[in-house]
Amino acid sequence: MLPREELLKGVENRDTVARVIDQAEQAIKTWEVVFSDFLSPPELAEVRRVFSRLTDVELVSWGGYPQAERQRIAIARSELPLDQSQVDLVALEIAGNFLFDTATHRDFLGAMLGTGIVREKTGDLIVLGERGAQAIVTPELAEFLEISLQQVRSVPVKTQRIDINELKVREPKKKELTTVEASLRLDAIASAGFGMSRSKMVNFIESGDVRVNWKDINQASSQVKSGDLIAIRGKGRLEVGEIAVTKKERYRVQLTRYM
């Protein structure tokens, strides 16, 4: 079977990764597609990193739409065809009149968890302002929530299944930019991408507010590479694109900032 202890060495989200290893072993043994619960971005990133060393299993993740943060993983033997359409999800509409009692993401999530379900069975929540919200959940929860979720804050709601294509997802605002830097240090690239001073960026990094590929990084001198995703709490995300070396041996870096 899989080299469990070797795979778990140095892993932060140990319980989550261990569960996915168990599910991968089940998929290998049964020749069936096995599904994880919803994973957070840091958990997803770590699972992908751990399983990238293996050739006998394949993973595909999906959360209902391309920018979904919380996603489930479908796991199968590498010999079996696998794609996103196989990841089992259900979309729900939580409809009510929130014009006079505005509800936040926390309110909707709290009402859902208040029915007795666990967070691992729920994906992203899309808040629609005065009209309510949409939620992505595992299929086995759909009927239960249709019956049980009847109120959010003081507002009566009707919860019902909708087609996954009916999700009202806003395209993220993004800004493309290019910077030329003497090094690929995190503080240099991130300060250029987020449009702030280098000293302010160093403060963010050292205070633990910066993640690279969903891992906490507190060293300003850390090196970034193409494909890295830099996130600052409350400030959005920055994707590092193509990196080229100029004639003066500086680094020209393509950046995409998501706001």
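Predicted model: local features only at pLDDT ≥ 70, side-chain atom pairs only at ≥ 80, totals over all residues.
**Close-up 1. Pairing of strands E13 and E14.** E14 spans residues 236-245 and pairs with E13 in the antiparallel sense. Four bridges connect E13 and E14. Among the paired positions, Ile232 has Gly236 in E14 as its bridge partner.

**Close-up 2. The hairpin between E13 and E14.** Three residues sit between the strands of this hairpin. Gly234 adopts a positive phi there, near 80 degrees.

**Close-up 3. Geometry of helices H6 and H7.** Two packed helices are described by the angle between their axes and the distance between the axes. Helix H6 comprises residues 186-194, and helix H7 comprises residues 198-206. The angle at which H6 and H7 pack is about 110 degrees, and their axes are 9 Å apart. Because angles of 65 to 115 degrees count as roughly perpendicular, H6 is placed in that class relative to H7. The crossing of H6 past H7 is right-handed.

**Close-up 4. Residues in the contact of H6 with H7.** From H6, the residues that meet H7 are Leu186, Asp187, Ala188, Ala190, Ser191 and Phe194. Their counterparts in H7 are Arg198, Met201, Val202 and Ile205. Sorted by class, this contact of H6 with H7 has seven nonpolar residues, one polar residue and two charged residues.

Methods:
Residues numbered from 1 in each chain as written. Heavy atoms only, no water. Pairing = 2+ DSSP bridges. Helix = DSSP H or I, 4+ residues; strand = E, 2+ residues; numbered from the N terminus. Axes fitted to C-alpha atoms, helices over the stretch in contact; angles between N-to-C directions. Parallel < 35°, antiparallel > 145°, perpendicular 65-115°, else oblique. Left-handed = near helix turned anticlockwise from the far one by under 90°. Contact = heavy atoms within 4.5 Å. Nonpolar A, V, L, I, M, F, W, Y, C, P; charged D, E, K, R; others polar.
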